[in-house]
Amino acid sequence: MQESESISIDEKRQLIIEAIQEKKGKKIVTIDLSQVENSICDCFIICHGDSYTQVDAITESIEKRLKENVGVRAHHIEGLRNSQWVLM
């Protein structure tokens, strides 16, 4: 995600989790990496969807929520081709 100085990491994390829950994402797990030296990100948020369509909807929900609330866009998204997994 491209950085935005107007919102804290915890607030971004909460927006992402809400976007996942909105699309009924399951087994949401947050891994905090903020104390890991030389980490490429502050956290991983992992969830499960029951279908390709649901995984795609979760991805779109996260994108939309972050863009509308924070003005943040994903720098790169992988896995959309078949939506078995998506990395943002």
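**Surface, pocket and charged pairs**

Modeller: V29, I31, F44 and I46 make up a nonpolar patch on the surface, and together they have about 320 Å² of accessible area. Please bear in mind that this is a predicted model.

Biologist: Which elements give two or more residues to the nonpolar patch?

Modeller: Those elements are β1, covering 26-32, and β2, covering 43-48.

Biologist: Let us turn to the pockets. How much space lies in the largest pocket?

Modeller: The largest pocket holds about 970 Å³ of space.

Biologist: How many residues line the largest pocket, and which lie nearest its centre?

Modeller: The lining consists of 29 residues, and C43, F44, I45, L87 and M88 are the ones nearest the centre of the largest pocket. The elements that give two or more residues to this lining are α1 (9-22), β2 and α2 (52-70).

Biologist: Which element gives the most to the lining?

Modeller: β2 gives the most, with six residues. F44 belongs to the nonpolar patch on the surface and is also among the residues nearest the pocket centre.

Biologist: What is the make-up of that lining by class?

Modeller: The lining of the largest pocket has 18 nonpolar residues, six polar residues and five charged residues.

Biologist: How far apart are the C-alpha atoms of L87 and I45?

Modeller: The C-alpha atoms of L87 and I45 are separated by 10 Å, while along the chain these two residues are 42 residues apart.

Biologist: Now to the charges. How many salt bridges does the structure hold?

Modeller: The structure holds four salt bridges. In general, side chains of opposite charge can pair when their charged atoms come close.

Biologist: What joins D10 and R13?

Modeller: Their side chains meet in a salt bridge, with 2.8 Å from N to O. Because D10 and R13 are three residues apart in helix α1, about one helical turn separates them.

Biologist: What about R65 and E18: how do their side chains meet?

Modeller: The side chains of R65 and E18 meet in a salt bridge, at 3.1 Å from N to O. This pair links distant parts of the chain, as R65 lies in helix α2 and E18 in helix α1, 47 residues apart.

Biologist: With which other residue does R65 form a salt bridge?

Modeller: R65 forms a salt bridge with E22, and their closest N and O atoms are 2.6 Å apart. Here too the pair links distant parts of the chain, from R65 in helix α2 to E22 in helix α1, 43 residues apart.

Biologist: What do E18, E22 and R65 form, taken together?

Modeller: E18, E22 and R65 are linked in a network of salt bridges.

Biologist: One last topic, the backbone. What is the phi of K24, and what is the phi of N38?

Modeller: Phi of K24 is near 60 degrees, a positive value in a residue other than glycine. For N38, phi is near 65 degrees, which is likewise positive in a residue other than glycine. As background, most residues other than glycine have a negative phi.

Biologist: Where do K24 and N38 lie?

Modeller: K24 is in the loop between α1 and β1, and N38 is in the loop between β1 and β2.

Biologist: Is K24 buried or exposed, and is N38 buried or exposed?

Modeller: K24 is exposed, with a relative accessible area of 59%. N38 is exposed as well, with a relative accessible area of 71%.

Terms used. Residues are numbered from 1 along each chain as its sequence is written. This is a predicted model: local features need pLDDT of at least 70, side-chain atom pairs count only at pLDDT 80 or more; totals for chains, interfaces and linings use all residues. Side-chain values use heavy atoms; hydrogens and water are left out. Patches are made of residues with over 30% relative accessible area and no salt bridge: like charges are joined within 9 Å, nonpolar side chains (Val, Leu, Ile, Met, Phe, Trp, Tyr) within 5 Å. Accessible areas come from the Shrake-Rupley method with a 1.4 Å probe; for residues, only the protein chains shown count as cover. Helices (H or I, at least four residues) and strands (E, at least two) are DSSP runs, numbered from the N terminus. On a 1 Å grid over the protein atoms alone, a cavity is a set of points where a 1.4 Å probe fits but cannot get out, and a pocket is an open set with protein on both sides within 12 Å along at least five of seven lines; lining residues have an atom within 4 Å of a point. Grid points are joined across faces, edges and corners, and a volume is the space filled by probe spheres set on the points. Ala, Val, Leu, Ile, Met, Phe, Trp, Tyr, Cys and Pro count as nonpolar, Asp, Glu, Lys and Arg as charged, and the others, Gly among them, as polar. Buried means under 20% relative accessible area, exposed over 50%, partly exposed in between (1.4 Å probe, protein chains only).
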